[in-house]
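Colleague: I would like to go through this structure with you. Could you put it on the screen?

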Amino acid sequence: MKNNDKFEIVFYEDKNGKSDIYDFIENLRLKDGTRAICNSALRKTCAIGNAPHQGLPIKSIEFPEGLEEIGKNAFWECVIPNVLTFPDTLRYIHSHAFVGSYVKKVTIPKNLNMALDAFDSSYIPDSFEVHPDNPYFMTECDLLYTKDKSTLIKCLNNNIIDIDLPQSLRRIITGAFVYSSINTLVVPEGVKQINYDAFRASHIENLKITNKDIKVCKHGFDNCFNVYLPEGTTHIVKKSGCLCSPDMQNVYLLENKEEIRLPDGLKKLCDMIVVMESTRKIIVPESLTSICSNAIQFYGKLEIVLHNNMKYISKY
(Lines give C-alpha, C1' and ligand atoms only; values in the text may rest on other atoms or scores of the structure.)
Protein backbone atom coordinates (compact mmCIF):
# COMPACT_ATOMS: atom_id res chain seq x y z
CA MET A 1 0.00 0.00 0.00
CA LYS A 2 1.47 3.32 -1.04
CA ASN A 3 1.42 6.41 1.14
CA ASN A 4 3.59 9.49 0.59
CA ASP A 5 5.97 7.46 -1.60
CA LYS A 6 6.41 4.91 1.19
CA PHE A 7 5.05 1.41 1.47
CA GLU A 8 3.54 -0.05 4.56
CA ILE A 9 5.11 -3.18 5.97
CA VAL A 10 2.91 -6.27 6.10
CA PHE A 11 3.52 -8.67 8.98
CA TYR A 12 2.42 -12.06 10.02
CA GLU A 13 2.66 -12.65 13.77
CA ASP A 14 2.36 -16.10 15.26
CA LYS A 15 1.28 -16.98 18.79
CA ASN A 16 4.87 -16.63 20.04
CA GLY A 17 5.12 -13.05 18.86
CA LYS A 18 7.52 -13.84 16.01
CA SER A 19 7.04 -11.80 12.86
CA ASP A 20 7.60 -12.65 9.23
CA ILE A 21 7.76 -9.89 6.61
CA TYR A 22 5.97 -10.19 3.31
CA ASP A 23 6.62 -6.76 1.83
CA PHE A 24 9.03 -3.91 2.51
CA ILE A 25 10.40 -0.63 1.16
CA GLU A 26 13.25 1.85 1.40
CA ASN A 27 12.20 3.09 4.83
CA LEU A 28 11.51 0.10 7.03
CA ARG A 29 9.75 0.42 10.38
CA LEU A 30 9.05 -2.76 12.28
CA LYS A 31 5.79 -3.01 14.21
CA ASP A 32 5.88 -2.28 17.93
CA GLY A 33 5.78 -5.49 19.91
CA THR A 34 7.92 -7.44 17.44
CA ARG A 35 10.19 -9.69 19.48
CA ALA A 36 11.97 -11.59 16.71
CA ILE A 37 12.63 -11.40 12.97
CA CYS A 38 12.45 -14.88 11.48
CA ASN A 39 15.09 -16.66 9.44
CA SER A 40 15.21 -15.35 5.86
CA ALA A 41 12.40 -12.88 6.62
CA LEU A 42 13.50 -10.50 3.85
CA ARG A 43 15.60 -12.88 1.78
CA LYS A 44 14.44 -13.26 -1.84
CA THR A 45 11.75 -10.62 -1.33
CA CYS A 46 14.31 -7.87 -1.86
CA ALA A 47 14.74 -8.33 -5.61
CA ILE A 48 14.36 -5.56 -8.16
CA GLY A 49 12.49 -6.78 -11.24
CA ASN A 50 14.04 -10.02 -12.46
CA ALA A 51 17.32 -9.62 -10.57
CA PRO A 52 16.92 -12.00 -7.62
CA HIS A 53 20.34 -11.23 -6.17
CA GLN A 54 20.07 -7.45 -6.29
CA GLY A 55 18.66 -6.13 -3.03
CA LEU A 56 16.37 -3.14 -2.81
CA PRO A 57 18.14 -0.34 -0.91
CA ILE A 58 16.73 0.29 2.55
CA LYS A 59 17.54 3.86 3.56
CA SER A 60 16.72 3.32 7.22
CA ILE A 61 15.43 0.67 9.59
CA GLU A 62 13.65 1.35 12.85
CA PHE A 63 14.00 -1.57 15.23
CA PRO A 64 11.45 -1.37 18.06
CA GLU A 65 12.32 -1.67 21.73
CA GLY A 66 11.49 -5.18 22.80
CA LEU A 67 13.13 -6.81 19.75
CA GLU A 68 15.25 -9.69 21.05
CA GLU A 69 16.42 -11.72 18.07
CA ILE A 70 17.29 -11.36 14.38
CA GLY A 71 17.23 -14.66 12.50
CA LYS A 72 19.61 -16.29 10.07
CA ASN A 73 19.72 -14.63 6.62
CA ALA A 74 17.06 -12.16 7.79
CA PHE A 75 18.37 -9.23 5.71
CA TRP A 76 20.32 -11.23 3.14
CA GLU A 77 21.44 -8.85 0.35
CA CYS A 78 19.10 -6.06 1.43
CA VAL A 79 21.33 -3.06 0.80
CA ILE A 80 21.35 -0.89 3.92
CA PRO A 81 23.68 2.04 3.15
CA ASN A 82 23.16 4.01 6.35
CA VAL A 83 23.34 3.42 10.09
CA LEU A 84 22.22 0.31 11.95
CA THR A 85 21.30 1.14 15.53
CA PHE A 86 19.98 -1.79 17.53
CA PRO A 87 17.72 -1.50 20.58
CA ASP A 88 19.13 -2.34 23.99
CA THR A 89 16.70 -5.25 24.20
CA LEU A 90 18.30 -7.10 21.26
CA ARG A 91 20.13 -10.18 22.52
CA TYR A 92 21.27 -12.18 19.47
CA ILE A 93 21.90 -11.86 15.71
CA HIS A 94 22.20 -15.15 13.83
CA SER A 95 24.54 -16.20 11.01
CA HIS A 96 24.45 -14.24 7.73
CA ALA A 97 21.71 -11.94 9.00
CA PHE A 98 23.27 -8.95 7.20
CA VAL A 99 25.36 -10.63 4.49
CA GLY A 100 25.36 -8.47 1.36
CA SER A 101 23.82 -5.51 3.19
CA TYR A 102 26.90 -3.22 3.04
CA VAL A 103 25.95 -1.25 6.13
CA LYS A 104 27.95 1.99 6.56
CA LYS A 105 27.80 2.22 10.34
CA VAL A 106 27.08 -0.42 12.97
CA THR A 107 26.61 0.16 16.69
CA ILE A 108 26.65 -2.90 18.98
CA PRO A 109 24.86 -2.24 22.29
CA LYS A 110 25.87 -3.47 25.72
CA ASN A 111 24.11 -6.84 25.88
CA LEU A 112 24.14 -7.94 22.23
CA ASN A 113 25.74 -11.22 21.20
CA MET A 114 25.93 -12.40 17.59
CA ALA A 115 27.29 -15.11 15.32
CA LEU A 116 30.80 -14.33 14.10
CA ASP A 117 29.49 -14.33 10.52
CA ALA A 118 26.39 -12.23 11.17
CA PHE A 119 27.79 -9.44 8.96
CA ASP A 120 29.31 -9.70 5.50
CA SER A 121 32.99 -10.66 5.55
CA SER A 122 33.63 -9.14 2.11
CA TYR A 123 33.47 -5.46 3.04
CA ILE A 124 34.45 -3.02 5.81
CA PRO A 125 31.87 -0.68 7.39
CA ASP A 126 32.84 2.99 7.71
CA SER A 127 32.29 2.64 11.44
CA PHE A 128 31.83 -0.34 13.74
CA GLU A 129 31.34 0.60 17.39
CA VAL A 130 31.01 -1.77 20.31
CA HIS A 131 29.74 -0.70 23.72
CA PRO A 132 32.73 -0.83 26.13
CA ASP A 133 30.77 -3.00 28.58
CA ASN A 134 29.68 -5.56 25.97
CA PRO A 135 30.75 -8.97 27.41
CA TYR A 136 31.12 -10.66 24.01
CA PHE A 137 33.08 -8.32 21.72
CA MET A 138 35.61 -5.51 21.77
CA THR A 139 37.58 -3.29 19.41
CA GLU A 140 41.22 -2.37 19.82
CA CYS A 141 43.48 -0.56 17.35
CA ASP A 142 40.80 -0.87 14.63
CA LEU A 143 40.53 -4.62 15.09
CA LEU A 144 37.32 -6.41 16.11
CA TYR A 145 37.84 -9.31 18.52
CA THR A 146 35.84 -11.56 20.76
CA LYS A 147 36.04 -10.19 24.31
CA ASP A 148 38.87 -12.49 25.36
CA LYS A 149 40.80 -11.60 22.19
CA SER A 150 41.01 -15.26 21.24
CA THR A 151 39.31 -14.72 17.86
CA LEU A 152 40.04 -11.98 15.34
CA ILE A 153 36.84 -11.18 13.48
CA LYS A 154 37.77 -8.24 11.27
CA CYS A 155 40.31 -5.54 10.57
CA LEU A 156 38.17 -2.37 10.50
CA ASN A 157 40.72 -0.12 8.80
CA ASN A 158 42.23 -1.16 5.47
CA ASN A 159 44.86 1.59 5.73
CA ILE A 160 46.71 -0.11 8.58
CA ILE A 161 50.24 -0.96 7.45
CA ASP A 162 51.58 -2.84 10.48
CA ILE A 163 49.58 -4.82 13.04
CA ASP A 164 50.64 -6.36 16.34
CA LEU A 165 48.37 -9.29 17.12
CA PRO A 166 47.87 -10.30 20.79
CA GLN A 167 49.42 -13.49 22.16
CA SER A 168 45.95 -14.53 23.35
CA LEU A 169 44.84 -14.97 19.72
CA ARG A 170 43.80 -18.49 18.72
CA ARG A 171 41.84 -18.04 15.49
CA ILE A 172 41.64 -15.76 12.43
CA ILE A 173 38.26 -16.14 10.74
CA THR A 174 37.10 -15.83 7.14
CA GLY A 175 37.44 -12.32 5.70
CA ALA A 176 39.26 -10.96 8.76
CA PHE A 177 41.69 -8.97 6.62
CA VAL A 178 39.54 -8.24 3.58
CA TYR A 179 40.96 -5.35 1.48
CA SER A 180 43.87 -4.89 3.88
CA SER A 181 47.35 -3.89 2.71
CA ILE A 182 49.88 -4.93 5.35
CA ASN A 183 53.65 -4.95 5.14
CA THR A 184 54.34 -7.59 7.77
CA LEU A 185 51.91 -9.66 9.80
CA VAL A 186 53.24 -12.00 12.48
CA VAL A 187 50.75 -14.70 13.46
CA PRO A 188 51.13 -15.54 17.19
CA GLU A 189 52.12 -19.06 18.18
CA GLY A 190 48.74 -19.70 19.79
CA VAL A 191 46.92 -19.50 16.44
CA LYS A 192 46.23 -23.08 15.37
CA GLN A 193 44.31 -22.44 12.18
CA ILE A 194 43.89 -19.83 9.46
CA ASN A 195 40.37 -19.94 8.08
CA TYR A 196 39.16 -20.06 4.51
CA ASP A 197 39.67 -16.71 2.70
CA ALA A 198 41.10 -14.98 5.77
CA PHE A 199 43.01 -12.57 3.49
CA ARG A 200 40.39 -12.20 0.74
CA ALA A 201 41.08 -9.33 -1.71
CA SER A 202 43.98 -8.16 0.43
CA HIS A 203 47.71 -7.61 -0.06
CA ILE A 204 49.88 -9.13 2.66
CA GLU A 205 53.51 -8.57 1.72
CA ASN A 206 55.00 -10.76 4.46
CA LEU A 207 53.12 -13.31 6.55
CA LYS A 208 55.16 -14.89 9.32
CA ILE A 209 53.88 -18.07 10.93
CA THR A 210 55.26 -18.98 14.37
CA ASN A 211 53.31 -22.15 15.20
CA LYS A 212 54.87 -25.17 13.47
CA ASP A 213 51.61 -27.13 13.91
CA ILE A 214 49.35 -24.52 12.32
CA LYS A 215 46.67 -25.70 9.91
CA VAL A 216 45.44 -23.69 6.95
CA CYS A 217 42.06 -24.01 5.26
CA LYS A 218 41.64 -23.81 1.50
CA HIS A 219 42.50 -20.32 0.24
CA GLY A 220 43.85 -19.46 3.67
CA PHE A 221 47.06 -18.02 2.16
CA ASP A 222 45.49 -16.33 -0.89
CA ASN A 223 46.87 -12.81 -1.48
CA CYS A 224 49.89 -13.38 0.78
CA PHE A 225 53.01 -12.66 -1.26
CA ASN A 226 55.64 -14.13 1.04
CA VAL A 227 54.85 -16.72 3.72
CA TYR A 228 57.54 -17.62 6.24
CA LEU A 229 57.18 -20.93 8.06
CA PRO A 230 59.01 -22.09 11.19
CA GLU A 231 61.38 -25.02 10.96
CA GLY A 232 59.63 -28.37 11.32
CA THR A 233 56.18 -27.24 10.20
CA THR A 234 53.99 -30.35 10.25
CA HIS A 235 50.87 -29.57 8.16
CA ILE A 236 52.47 -27.46 5.42
CA VAL A 237 55.42 -28.27 3.19
CA LYS A 238 57.31 -26.04 0.80
CA LYS A 239 58.24 -27.61 -2.52
CA SER A 240 59.23 -26.09 -5.86
CA GLY A 241 57.87 -22.66 -5.09
CA CYS A 242 54.60 -23.98 -3.65
CA LEU A 243 53.11 -24.35 -0.20
CA CYS A 244 51.25 -27.67 -0.12
CA SER A 245 49.76 -30.19 2.25
CA PRO A 246 52.17 -33.06 3.06
CA ASP A 247 49.99 -35.55 1.13
CA MET A 248 50.11 -33.29 -1.94
CA GLN A 249 46.33 -33.10 -2.08
CA ASN A 250 46.11 -29.34 -1.57
CA VAL A 251 48.12 -26.41 -2.92
CA TYR A 252 47.82 -23.38 -0.62
CA LEU A 253 50.07 -20.85 -2.29
CA LEU A 254 52.27 -20.32 -5.33
CA GLU A 255 55.29 -18.15 -4.68
CA ASN A 256 55.68 -14.76 -6.31
CA LYS A 257 58.03 -15.95 -9.05
CA GLU A 258 58.09 -15.58 -12.83
CA GLU A 259 58.21 -19.34 -13.38
CA ILE A 260 56.58 -21.95 -11.13
CA ARG A 261 57.26 -25.67 -11.45
CA LEU A 262 54.52 -27.55 -9.61
CA PRO A 263 55.99 -30.22 -7.30
CA ASP A 264 56.29 -33.88 -8.27
CA GLY A 265 53.68 -35.99 -6.53
CA LEU A 266 50.86 -33.54 -7.10
CA LYS A 267 47.99 -35.54 -8.64
CA LYS A 268 45.22 -33.03 -9.30
CA LEU A 269 44.21 -29.40 -9.02
CA CYS A 270 40.58 -29.03 -8.04
CA ASP A 271 40.40 -25.98 -5.79
CA MET A 272 41.15 -22.55 -7.19
CA ILE A 273 44.63 -21.24 -6.50
CA VAL A 274 45.60 -17.63 -7.11
CA VAL A 275 48.59 -16.95 -9.37
CA MET A 276 50.65 -13.85 -8.55
CA GLU A 277 50.81 -11.14 -11.18
CA SER A 278 54.55 -11.64 -11.76
CA THR A 279 54.10 -15.32 -12.67
CA ARG A 280 54.16 -15.92 -16.42
CA LYS A 281 54.72 -19.67 -16.65
CA ILE A 282 53.56 -22.77 -14.77
CA ILE A 283 55.12 -26.16 -15.52
CA VAL A 284 52.96 -29.17 -14.67
CA PRO A 285 54.60 -32.38 -13.33
CA GLU A 286 53.99 -35.80 -14.86
CA SER A 287 52.22 -36.91 -11.70
CA LEU A 288 49.39 -34.45 -12.32
CA THR A 289 46.47 -36.20 -13.99
CA SER A 290 43.73 -33.55 -13.99
CA ILE A 291 43.13 -29.82 -13.69
CA CYS A 292 39.55 -28.90 -12.93
CA SER A 293 37.78 -25.91 -14.46
CA ASN A 294 38.79 -22.59 -12.85
CA ALA A 295 41.45 -24.32 -10.77
CA ILE A 296 43.93 -21.57 -11.58
CA GLN A 297 42.96 -17.91 -11.19
CA PHE A 298 45.26 -15.47 -12.94
CA TYR A 299 45.36 -12.01 -14.48
CA GLY A 300 47.31 -11.14 -17.58
CA LYS A 301 49.14 -13.65 -19.74
CA LEU A 302 49.96 -17.08 -18.37
CA GLU A 303 51.57 -20.08 -20.07
CA ILE A 304 50.78 -23.54 -18.73
CA VAL A 305 53.18 -26.27 -19.86
CA LEU A 306 51.64 -29.75 -19.61
CA HIS A 307 53.71 -32.86 -19.05
CA ASN A 308 52.90 -34.18 -22.53
CA ASN A 309 54.62 -31.10 -23.99
CA MET A 310 51.32 -29.54 -25.00
CA LYS A 311 50.99 -25.89 -24.17
CA TYR A 312 47.97 -23.93 -23.14
CA ILE A 313 48.19 -20.15 -23.41
CA SER A 314 45.32 -17.91 -22.44
CA LYS A 315 44.56 -14.37 -21.42
CA TYR A 316 42.01 -13.36 -18.78
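Colleague: Which residue in β22 is the bridge partner of Ile172?

Modeller: The partner of Ile172 is Ile194 in β22. This is a predicted model, in which local features need pLDDT of at least 70 and side-chain atom pairs count only at pLDDT 80 or more, while totals for chains, interfaces and linings use all residues. Residues are numbered from 1 along each chain as its sequence is written, and side-chain values use heavy atoms, with hydrogens and water left out.

Colleague: In what sense do β20 and β22 pair?

Modeller: Strand β20 (residues 171-172) and strand β22 (residues 193-194) pair in the parallel sense, over two bridges. Pairing requires that DSSP finds at least two bridges between the strands, and strands are DSSP runs of E with at least two residues, numbered from the N terminus.

Colleague: What is the strand order in that open sheet?

Modeller: Six strands form the open sheet, ordered β16-β17-β18-β20-β22-β24, with mixed pairing. β16 (137-140) and β24 (215-216) are at the edges with a single partner strand each, so one side of each has no neighbour in the sheet.

Colleague: Changing topic, how many salt bridges are there?

Modeller: There are four salt bridges, counted where a side-chain nitrogen of Lys or Arg is within 4 Å of a carboxyl oxygen of Asp or Glu. One of them joins Lys149 to Glu140, with the closest N and O atoms 3.1 Å apart. Another joins Asp197 to Arg200, also with a closest N and O separation of 3.1 Å.

Colleague: Is Asp197 buried or exposed?

Modeller: Asp197 counts as buried because its relative accessibility is 12%; buried means under 20% relative accessible area, exposed over 50%, and partly exposed in between (1.4 Å probe, protein chains only).

Colleague: Where is Cys38 placed?

Modeller: Cys38 is in the loop between β6 (36-37) and β7 (47-48). Its C-alpha atom is separated by 6.7 Å from that of Ile70, 32 residues apart along the chain.

How values were computed:
Helix = DSSP H or I, 4+ residues; strand = E, 2+ residues; numbered from the N terminus.
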